[in-house]
Protein chains: 2
Amino acid sequence: MTSTAREKPGLRMADRVYEAIRREILDGRLAPGEKITEAVLAERFAASRTPVRSAIVRLAGDGFVEMTPRSGTVVKRRTPNEVSDIYEVRALLESAAAGLAAGRCDARDLGDLQAIQSEMEAATAGSWQAEDEVVEKVSALNQAFHQKILEASRNATLADSAARLMNIGFLINTYARFSRPEIERSLFEHRQLIAALTSRDPAWAEAVMRAHILGARNSLAAEG
Amino acid sequence: MTSTAREKPGLRMADRVYEAIRREILDGRLAPGEKITEAVLAERFAASRTPVRSAIVRLAGDGFVEMTPRSGTVVKRRTPNEVSDIYEVRALLESAAAGLAAGRCDARDLGDLQAIQSEMEAATAGSWQAEDEVVEKVSALNQAFHQKILEASRNATLADSAARLMNIGFLINTYARFSRPEIERSLFEHRQLIAALTSRDPAWAEAVMRAHILGARNSLAAEG
DNA sequence: CGGAGCCTCATTGGATACAAGTTCAAGATC
DNA sequence: GATCTTGAACTTGTATCCAATGAGGCTCCG
């Protein structure tokens, strides 16, 4: 897996820094184009430059930042075209994953997916929460849903390639992607996806997933 | 780009070490499962542990090695199934790239491809060379050919994802993939690919590329 | 007043020193 | 005899230190 670290969370400073910087980028607290200086981050996380440096190297490998040899590191900018390209490749990979999953998933997978779906619907229905919390929760569950399907494809390489792109894609305008109408659409399409997987229909699953992702791309292009 | 460094090649020790280790893995001089110790590599490359460590972190990100927190690093093993999975995803990505390239490539791209093809045929025809040299040359040209088509797809994300897999895939049994009959088949299919691109036929290009890669997977499974 | 060259300074890259954890083996105990 | 314990050496992870280089500002000249 590319970026899931489930080891004891207090041990490697480099990992904590990696996650922290990644979160700051995803949250927009580190804006695209912004310069990153190792010493500043080191002080912010109460660490030395060594683990910060290691984290930055990893982030560069994941495509979050860009290191230029002796000049410095900046958060990578992405043009609308690049974003569109990312979604295109995601559509390709994840639709293939959905098709495979339709032929390979078991009852447990389907149960997990249904559980995620239920939680997502509950989170959406809960109108007492602040909209920000809803968006955050939905975003996390959405990611879990897609991840689960990738797993169910039983092709680790495919899952990893797609997960990489998912992570990068999520740094763009989460709020536009999860406005209320978008959430409704997402819920509907996820239901379809579960139906397709349950009925073991690869072509259907593939098509729904492709439509799901390309639809997201389109709404992103319209609003972003 | 993931792993192309075209800056002045004497400046960053970390990059030189990265390339060196990567080559050793691709050449099989570092075997899958073998343990990597930073101090050893540091001495071998006349460097300190710092750049070696940086290189290892990058290699882990690229999927060449596996770091376990305080235990050590080993060259990643791949089961035949994983290899098959890699080829499956490559087929998916590169066939899509070929399809896009058919609609987007220009005369310059086609010229470059033709040049690579000619060089490859020349290398094959030259029977005075040692077989090892032929294989090495053909392997490099083959990689260049595929890379060129990825470029011509004009989708950097797609190109990067596929290139990543290509690099990983090439560490497996280069010699089986480039036995004489395989080279002949490769040359033939590359010719078809150029024809499809030249006639701007996306469906054809896509199909040929898919057949090309899945064929390679099959012959690899048969011999490896 | 504007531009080119130099110079200082901030920042990155590498080396070394140190701390902490893991593995492996030898020994003791059941 | 097998297993658990304990200890020592090795290896990784982090901190600090030093060198080298790119960037920005300042001055001097046109």
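Modeller: We will take the copies, a sheet, a histidine and the DNA in turn. One caution first: this is a predicted model.

Colleague: Through which surface do the copies meet?

Modeller: Compare the interface residues. Of those in chain B, 100% are also interface residues in chain A, so the copies meet through the same surface.

Colleague: Now the sheet. What is the strand order in chain B?

Modeller: It is 1-3-2, in an open sheet of three strands with antiparallel pairing. Strand 1 and strand 2 of chain B are the edge strands, since each pairs on one side only.

Colleague: How many bridges join each of them to strand 3 of chain B?

Modeller: Two bridges join strand 1 (residues 35-36) to strand 3, and the pair runs antiparallel. Four bridges join strand 2 (residues 65-68) to strand 3, again antiparallel. B:K35 stands opposite B:V74. B:T68 has B:G72 as its bridge partner.

Colleague: What joins strand 2 of chain B to strand 3 of chain B?

Modeller: A hairpin, through three residues.

Colleague: Which residues of strand 3 lie on its covered face, and which on its uncovered one?

Modeller: Strand 3 of chain B spans residues 72-75. B:T73 and B:V75 form the covered face. B:G72 and B:V74 form the uncovered one. Note that B:V74 is the residue facing B:K35 in the pairing.

Colleague: What does B:H146 touch, leaving out residues up to four places away in sequence?

Modeller: Its contacts are B:R90, B:E94, B:M166, B:H190, B:M209, B:H212 and B:I213. For a sense of distance, take B:A221: 75 residues from B:H146 in sequence, and 21 Å away in space, C-alpha to C-alpha.

Colleague: Last, the DNA. Which residues come nearest to DNA strand C?

Modeller: Of the 18 residues around DNA strand C, the nearest are A:R53, A:P69, B:M13, B:S48 and B:T50. By class, that surface has six nonpolar, six polar and six charged residues.

Colleague: Which parts of DNA strand C lie within 4 Å of the protein?

Modeller: Sort the atoms by type. Sugar or phosphate accounts for 70% of them, and bases for the rest. Then look at single pairs. A side-chain N or O atom of A:R49 is 3.0 Å from a base nitrogen. A polar backbone atom of A:P69 is 2.3 Å from a phosphate oxygen. For B:A14, a backbone N or O atom lies 3.2 Å from a phosphate oxygen. The elements giving two or more residues to this surface are helix 3 (49-61) of chain A, with helix 1 (13-27) and helix 3 (49-61) of chain B.

Definitions and conventions
Residues are numbered from 1 along each chain as its sequence is written. Chains are lettered from A and ligands numbered from 1 in the order in which they are written. This is a predicted model: local features need pLDDT of at least 70, side-chain atom pairs count only at pLDDT 80 or more; totals for chains, interfaces and linings use all residues. Side-chain values use heavy atoms; hydrogens and water are left out. Buried means under 20% relative accessible area, exposed over 50%, partly exposed in between (1.4 Å probe, protein chains only). Two strands pair if DSSP finds at least two bridges between them. Contact means heavy atoms within 4.5 Å. A residue is near a molecule or strand if one of its heavy atoms lies within 4 Å of it. A polar contact is a pair of N or O atoms within 3.5 Å; within protein, one must be able to donate a hydrogen and the other to accept it, and residues adjacent in sequence count only if both atoms are side-chain atoms. Ala, Val, Leu, Ile, Met, Phe, Trp, Tyr, Cys and Pro count as nonpolar, Asp, Glu, Lys and Arg as charged, and the others, Gly among them, as polar.
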